[in-house]
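Please look over the sequence and the structure shown below before reading on. The briefing that follows takes up the strands, the core and the contact between the chains in turn.

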Amino acid sequence: MKLSYFYEIALFVMLILLQVLLLNRISLFGLATPVLYGYFLLKLPMGRNLFFVIISAFLMGLIIDIFLNTPGMNAAAFTIVASLRKPVMDLFFEKVEYDAFVPGIYTAAGPFVRFTIFMVLLHLTLLFFIESFTLFNLMSTLLRIVTSAAITILIIITMDSLLYKRKQSEHT
Amino acid sequence: MRHLFNFIIRNSHWLVAILLVALSFYLVFTHNSYQRSVYLTSANHVAGMFYTASDNVTSFFFLKKSNQLLLERNAALEKTLYALLAENDSVEVSDSVGMNAFVADSAGQPQFVFIPAKVVNLSFSGVNNFITLNKGASNGIKPDMGVISQRGVVGVVSNVSPNFSVVIPVINPKFRLSARLKNSENYGSLSWDGKNIRVAQLQELPRHEPFHEGDTVLTSFSRIFPKNLIIGYVSETGVSGDDNFNTFNIHLATDFYTLQDVLVINDLFYEEQKALEDILQ
């Protein structure tokens, strides 16, 4: 149990640093920016306390906002995603799976991919619409959402397969 | 009653979520209209430290290019220096012959002082582009000072903390600047449409104005920048909303992708000019 918390805190910090120091400087074709920190919500155990999920998501969004000078935007989008996490999980995963179950590409490939796609699209849609409230036209916002989501999903699935494999080899 | 309490307890996480989302939106709406809070921006100390550490690593990769730029700039300055020296010589010669009724104060007070600073963070990914610099109020930087690079205009300082400052660059939709083409006195308004960080738009220039591709775009009247600083070069005619005016796409002189060193302009007469102009308002 304690090890799992430690692992989550490390993931929390690493994802924030990765996002603000590296990923947010990427703008592929002037459109696509990977928004990877949502991976944190995907990797929390299924039965985790809902307060914990929501408050940690809010904090993560707020810290990223502070770094990116966009107060509230990431926090708002990520808190909404976090509060919808439980119903979405019930939608994609079977109810019988136990509370400590961590979604992953090797534990449940199909549901995990669908879950990832849904969560990332939800997150980026909220984020980019909050960000571009009045300034930009609909088409460019939609294009940014779709391209950014595509690259984010690709990175998440790659990362999940790599991280999990390394963990397995450590155990053996 | 008990059912009500049970209901509230069972759904209290929704309550927390709604509260936090409301708080976030409060931040979105209040902050973006003021842009003056230091604690929740990258001008704060901790965020600035992280960005400085990361910049120490990344700046290494641009050393060669920065060096090249410095050499070019140095060469250009040397050229002007010699031109001025030559001119100076000729002036002294003519002076000794004639007699002047009026001699200008040759040791005049310079209007502009430049504070060199390093870029510690750049953000270009979205609508809210900004730049963080490693100098702040303790180095004499104040909000509303202009920022330039060796090549051209960069932006305007918006937030300042003791050791860091945040700059709104040309490539931010909130940025406005009056600009003109090199060979004319009519000025238009420079802004950015959010599409390409190498290209900004010069609007509201009268249609009869002659222009060519590659024309230099300079700063016009501004409280923030000196006159005749290079902004960029005309690349093509853009889409104009009004028949009487032209819109140009401007290829920006500053390359924001590799921006490393900038100069902050301290206008020593700023307060004086502002005070004088404010009397009339």
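**Strands of chain B**

Strand 1 (residues 112-123) and strand 12 (residues 261-267) of chain B pair in the antiparallel sense over seven bridges, where strands are DSSP runs (E) of at least two residues and helices are DSSP runs (H or I) of at least four, both numbered from the N terminus, and where two strands pair if DSSP finds at least two bridges between them. This is a predicted model, in which local features need pLDDT of at least 70 and side-chain atom pairs count only at pLDDT 80 or more, while totals for chains, interfaces and linings use all residues. Residues are numbered from 1 along each chain as its sequence is written, and chains are lettered from A and ligands numbered from 1 in the order in which they are written.

- Within the pairing with strand 12 of chain B, B:Val113 has B:Asn266 as its bridge partner.
- Strand 3 (residues 146-148) of chain B is also joined to strand 12 of chain B, by three bridges and in the antiparallel sense, and there B:Val147 has B:Val264 as its bridge partner.
- Chain B has five helices and twelve strands, and six of the strands close into a barrel in the order 6-7-8-11-10-9 with antiparallel pairing.
- Strand 8 (residues 199-206) and strand 11 (residues 245-252) of chain B run antiparallel and are joined by six bridges, with B:Phe248 as the bridge partner of B:Leu202.

**Nonpolar core**

- The largest nonpolar core has 86 residues, and A:Ala57, A:Val81 and B:Val167 have the most contacts inside it; such a core is a set of buried Ala, Val, Leu, Ile, Met, Phe, Trp, Tyr and Cys residues joined through C-beta atoms within 7 Å.
- Helix 3 (residues 50-68) of chain A gives the most to this core, with eleven residues.
- Buried residues, those with 20 or more other C-beta atoms within 10 Å of their own C-beta atom, which is placed from the backbone, make up 30% of the 281 residues in chain B.

**Contact between the chains**

- The contact takes 31 residues from chain B and 28 residues from chain A, with residues counted as in contact if their C-beta atoms, placed from the backbone, lie within 7 Å.
- Helix 2 of chain B gives the most to the side of chain B that touches chain A, with twelve residues.

Technical notes
A residue is buried if 20 or more other C-beta atoms lie within 10 Å of its own, exposed if 12 or fewer, and partly exposed in between; C-beta atoms are placed from the backbone. Two residues are in contact if their C-beta atoms, placed from the backbone, lie within 7 Å.
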